Amino acid sequence: MNNNKWFGMVRWCNDDIAGKLEDMGIEASEENIAAVRKNCENNKYFRDTMIEAGWDMIEEAINETLG
């Protein structure tokens, strides 16, 4: 998507969960992926944490660029 209004969009998929499970030495079975995904989708702090990290990065960019 090439859009001058939006930037820094994040999307997660089952492959991301599978990769992290494997990194952690946990089987990337369909059941494990579904359980983690359900946990993330039902956890309001998952989205809030991504938003907070974005605000921190914008502030850091302002300080680096203009500060």
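Biologist: Before we dig in, what counts as a salt bridge here?

Modeller: A salt bridge is a side-chain nitrogen of Lys or Arg within 4 Å of a carboxyl oxygen of Asp or Glu. Keep in mind that this is a predicted model.

Biologist: Okay, so how many salt bridges does that rule give?

Modeller: The count comes to 2 salt bridges. One of them joins the side chains of Glu-41 and Arg-37, at 2.8 Å from N to O, which is inside the 4 Å cut-off.

Biologist: Where do Glu-41 and Arg-37 lie?

Modeller: Both are in helix H2, 4 residues apart, and that is about one turn of the helix.

Biologist: Is Glu-41 buried or exposed? And what about Arg-37?

Modeller: Glu-41 counts as exposed because its relative accessibility is 56%, and the cut-off for exposed is over 50%. Arg-37 has a relative accessible area of 37%, so that one is partly exposed.

Biologist: And which side chains does Lys-44 or its partner bring into a salt bridge?

Modeller: Lys-44 meets Asp-48, with 2.6 Å from N to O. These two residues sit in helix H3, again 4 residues apart, or about one turn of the helix. Lys-44 is exposed at 55% relative accessible area, while Asp-48 is partly exposed at 27%.

Biologist: Why would side chains like these pair at all?

Modeller: Side chains of opposite charge can pair when their charged atoms come close.

Biologist: Switching topic: how many helices and strands does the protein have?

Modeller: There are 3 helices and 0 strands, and along the sequence the pattern reads α-α-α. The radius of gyration is 16 Å, well over the 11 Å that the globule rule gives for 67 residues, so the protein is more spread out than a compact globule.

Biologist: What does the C-alpha trace span, then?

Modeller: About 45 × 25 × 20 Å along the principal axes.

Biologist: And what share of the residues counts as buried?

Modeller: Of the 67 residues, 7% are buried. The accessible surface comes to about 6,400 Å², and carbon and sulfur atoms hold 53% of that.

Biologist: Which residues form the nonpolar patch on the surface?

Modeller: That patch is made of Phe-7, Ile-51, Trp-55, Ile-58, Ile-62 and Leu-66, and together they have about 700 Å² of accessible area. Ile-51, for one, is in helix H3, residues 44-66.

Biologist: What about charge? How many positive and negative side chains are there?

Modeller: The protein has 7 positive and 14 negative side chains, and the centres of the two sets are 10 Å apart.

Biologist: Which residues form the negative surface patch?

Modeller: Glu-52, Asp-56, Glu-59, Glu-60 and Glu-64. Glu-64 is in helix H3 and is exposed, at 62% relative accessible area. Glu-60 is in helix H3 too, but it counts as partly exposed, with 39%.

Biologist: One more residue: where is Gly-54 found?

Modeller: Gly-54 is in helix H3, and at 30% relative accessibility it counts as partly exposed. Gly-54 and Cys-13 are 41 residues apart in sequence and 19 Å apart in space, C-alpha to C-alpha.

Technical notes: Residues are numbered from 1 along each chain as its sequence is written. This is a predicted model: local features need pLDDT of at least 70, side-chain atom pairs count only at pLDDT 80 or more; totals for chains, interfaces and linings use all residues. Side-chain values use heavy atoms; hydrogens and water are left out. Patches are made of residues with over 30% relative accessible area and no salt bridge: like charges are joined within 9 Å, nonpolar side chains (Val, Leu, Ile, Met, Phe, Trp, Tyr) within 5 Å. Accessible areas come from the Shrake-Rupley method with a 1.4 Å probe; for residues, only the protein chains shown count as cover. Lys and Arg count as positive and Asp and Glu as negative; His and the chain ends are not counted. The place of a charge is taken as NZ of Lys, CZ of Arg, CG of Asp or CD of Glu. Buried means under 20% relative accessible area, exposed over 50%, partly exposed in between (1.4 Å probe, protein chains only). The radius of gyration is taken over C-alpha atoms; the globule rule is 2.2 Å times the number of residues to the power 0.38.
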